[in-house]
Amino acid sequence: MKQRMFLLERNYDHSDHGLATPAPLPTALAYRPGQPPTNHAGVLVTRPTVVCGIAGSLRRESWNLKLLRAMAVLAPDTIELRIAESLPRVPLFNEDLLGREPEGVTALRAEVAAADAVLVATPEYNGGTPGVLKNALDWLSLPRGASVLHRKPVALVGVTPGRLGTARSQFELRHTFIFTQSAVIPGPEVLLSNAAERFDADGRLIDPVAVALISRLWAELQTYTRLDQPKVVPPS
Ligand SMILES: Cc1cc2nc3c(=O)[nH]c(=O)nc-3n(C[C@H](O)[C@H](O)[C@H](O)COP(=O)(O)O)c2cc1C
């Protein structure tokens, strides 16, 4: 896990943990990679922003899974991308099952709940969102108003062997996320067409335009959701 140490940009409320409240820290302290943040109150450790990556495909050689893995490499140090593993265990949505939720749904919900934001890499099928992904989002949309997706920042990307870069699938997803009141990042749109030309044999993203777009999307995700703020790990 990419655990990073940061200097705090704002004061941490020590009173919740029975610690003496230290004098105010200077504001806007710089992030110094590799150097532990110390002050007179001791070392404070912060964690990176956790993003749950969901590839909307069950295919072993999925381009969208490759894209998530490539995005993990391109993510800034302040972001930890965790790729969800439960999607293959999510059954078809059935309201009759609501009282006894399938294990795969509970597991996927936990993966999303543990994250500060969600990154969806979507294929496109017949001009729309893949059923496997829409199905999972229908499960996660419940309970209505208390969904793990409620107000969750969501970034969308997609890659396809086709020509339109999953534009239609992503457009549908934006609509779906209205119903969970998720905060879908407006842009840039990462619409990757002609998938085979974007990656090398080792799954590295070799398209400089795509790399630049992804870097901008990571930055937007942080800016729009203020995820660039350090996440304080409370002293134990
Ligand atoms: C039934 C079917 C419909 C498809 N429809 C589209 C489509 O509308 N647009 C598109 O770009 N690709 C379409 N494709 C191609 C998929 O994008 C391609 O199979 C892709 O690799 C799936 O994503 P993955 O690699 O992440 O599994 C379709 C493929 C199938 C099998």
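The buried residues of helix H3 (residues 131-140) have a cover that includes H2 and helix H4 (167-178). Before going on, note that this is a predicted model, in which local features need pLDDT of at least 70, side-chain atom pairs count only at pLDDT 80 or more, and totals for chains, interfaces and linings use all residues. Residues are numbered from 1 along each chain as its sequence is written.

Which residues of H3 are buried? They are Leu133, Ala136, Leu137, Trp139 and Leu140, where buried means 20 or more other C-beta atoms within 10 Å of a residue's own, exposed means 12 or fewer, and partly exposed lies in between, with C-beta atoms placed from the backbone. Looking down the axis of H3, you will find these buried residues within an arc of 155°, so they line one face of the helix. The arc is taken over the directions from the helix axis to the C-beta atoms. Helices here are DSSP runs of H or I with at least four residues, strands are runs of E with at least two, and both are numbered from the N terminus.

Let us turn to the partner, H2 (residues 103-113). Its buried residues are Val105, Leu108, Arg109 and Glu111, and they fall within an arc of 160° seen down the axis of H2, so they too line one face of their helix. Strand S4 (49-55) and H3 are included in what covers them.

How do the two helices meet? Two packed helices are described by the angle between their axes and the distance between the axes. The axes of H2 and H3 come within 10 Å and cross at roughly 80°, which makes H2 roughly perpendicular to H3; that label covers angles of 65 to 115 degrees. On the H2 side the contact is made by Val105, Leu108, Arg109 and Val112, and on the H3 side by Ala136, Trp139 and Leu140. Contact here means C-beta atoms, placed from the backbone, within 7 Å. By class, this contact has 6 nonpolar, no polar and 1 charged residues, with Ala, Val, Leu, Ile, Met, Phe, Trp, Tyr, Cys and Pro counted as nonpolar, Asp, Glu, Lys and Arg as charged, and the others, Gly among them, as polar.

Next comes leucine 119, which lies in strand S6 (residues 117-121). Leucine 119 is buried, with 30 other C-beta atoms within 10 Å. Leaving aside residues up to four places away in sequence, Leucine 119 touches Val51, Gly53, Leu68, Met71, Leu81, Ala155 and Val157. The C-alpha atom of tryptophan 218, 99 residues apart from leucine 119 along the chain, is separated from that of leucine 119 by 9.8 Å.

The backbone has some details to look at as well. Most residues other than glycine have a negative phi, and most peptide bonds are trans. Asparagine 126, in the loop between S6 and H3, has a positive phi near 50°, and this residue is exposed, with 9 other C-beta atoms within 10 Å. The peptide bond from leucine 142 to proline 143 is cis, with omega near -5°, and proline 143 sits in the loop between H3 and strand S7 (153-159).

Finally, step back to the whole protein chain. Its secondary structure comes to 5 helices and 10 strands, and buried residues make up 35% of its 236 residues.

Terms used: Axes are lines fitted to C-alpha atoms, for helices over the stretch in contact, and angles run from 0 to 180 degrees between N-to-C directions. Angles under 35 degrees count as roughly parallel, over 145 as roughly antiparallel, 65 to 115 as roughly perpendicular and the rest as oblique. Two residues are in contact if their C-beta atoms, placed from the backbone, lie within 7 Å.
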